[in-house]
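Morning, everyone. I have one structure to go through today, and I will keep it short. Please have a look at the model before I start.

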Amino acid sequence: MAEYPATIARRVEHEIEIKRSRFITHLEPVGSVAGADAFIAEMRKRFWDARHNCVAMITGVSGDQARSSDDGEPSGTAGIPMLEVLRRRGMTDVVAVVTRYFGGIKLGAGGLVRAYGGAVSEALDHAQLVHRRALTRARIDAPHADAGRLDNLLREWVSQHDCVLADTTYGSAATFEVWAPEDELGRLAADVAAWSSGALTPQIGETRVVDVTS
């Protein structure tokens, strides 16, 4: 099963204090570089009185676009450590802004690296992750009389096979959509056939990257 970097479900705010300096981390899920830039601008406007608003961002389904900024901290002590945490944790389509209110005690280069990296790492610990997988659509058309039973069976099945059940649509038949890894499609077809005494067969459609919230 193909897997991709994860993202986060919603904004996270987390604050730590180190030697009187406040480090306020905001994580935001974004779909583009433009979206990340807009969030960075929002944070810099909100925390205009802070000494530093340091940034790390990764975008793209495969996490192929990345950027960071030390925003006045010594070179390499803020943005890069923040970015490395995002990479190490397997993230994409996320921007991190760490706002620092200086407490009067210098931390040194090593201390700054630990502080900014740790701030992002702790914030990620509080985030709800959205995993991404390449899944293939399998459509099952069933008579309305069988829809309730099939719905229950499919819900249990997807929970056991790391799959996703989309919303059911109702027309001349009840149409179920299961998004499954390629190597689970044969098992799905066999189980659906067993449930329906061979009357139902999943129709295989396209493959796409699907978000799965943990």
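What share of the contacts in the protein with a separation of 6 or more comes from residues 24 or more positions apart? The figure is 71%. Keep in mind that this is a predicted model.

Now the overall picture. The protein has five helices and eleven strands. Its radius of gyration is 23 Å, well over the 17 Å that the globule rule gives for 214 residues, so the protein is more spread out than a compact globule. Along the principal axes, the C-alpha trace spans about 75 × 30 × 25 Å. As for burial, 46% of the 214 residues count as buried. The accessible surface comes to about 10700 Å², and carbon and sulfur atoms account for 46% of that surface.

Five strands form an open sheet with antiparallel pairing, and the order is 2-3-6-4-5. At the edges stand strand 2, residues 12–18, and strand 5, residues 65–69; each has a single partner strand, so one side of each is left without a neighbour in the sheet. On average, neighbouring strands here are turned by 15 degrees against each other, ignoring direction.

If you want a place to look, I58 has V94 in strand 6 as its bridge partner.

Two helices lie across these strands. Helix 1, residues 33–46, lies across strands 2, 3, 4, 5 and 6, and runs at about 165 degrees to strand 4. Helix 2, residues 79–88, lies across strands 4, 5 and 6, at about 35 degrees to strand 4.

Last, helix 5, which covers residues 185–195. Which of its residues are buried? They include L185, L188 and V192. Seen down the helix axis, the buried residues fall within an arc of 55 degrees, so they line one face of helix 5. On the other side of the helix, G186 and A194 are exposed.

And what do the buried residues of helix 5 pack against? Their partners are strand 7 (129–142), helix 4 (144–160), strand 10 (174–180) and strand 11 (203–213). After helix 5 comes S197, which has a positive phi, near 55 degrees.

That is what I had. Questions, please.

Methods
Residues are numbered from 1 along each chain as its sequence is written. This is a predicted model: local features need pLDDT of at least 70, side-chain atom pairs count only at pLDDT 80 or more; totals for chains, interfaces and linings use all residues. Side-chain values use heavy atoms; hydrogens and water are left out. Buried means under 20% relative accessible area, exposed over 50%, partly exposed in between (1.4 Å probe, protein chains only). Helices (H or I, at least four residues) and strands (E, at least two) are DSSP runs, numbered from the N terminus. The arc is that of the directions from the helix axis to the C-beta atoms. Contact means heavy atoms within 4.5 Å. Two strands pair if DSSP finds at least two bridges between them. Axes are lines fitted to C-alpha atoms, for helices over the stretch in contact, and angles run from 0 to 180 degrees between N-to-C directions. The radius of gyration is taken over C-alpha atoms; the globule rule is 2.2 Å times the number of residues to the power 0.38. Accessible areas come from the Shrake-Rupley method with a 1.4 Å probe; for residues, only the protein chains shown count as cover.
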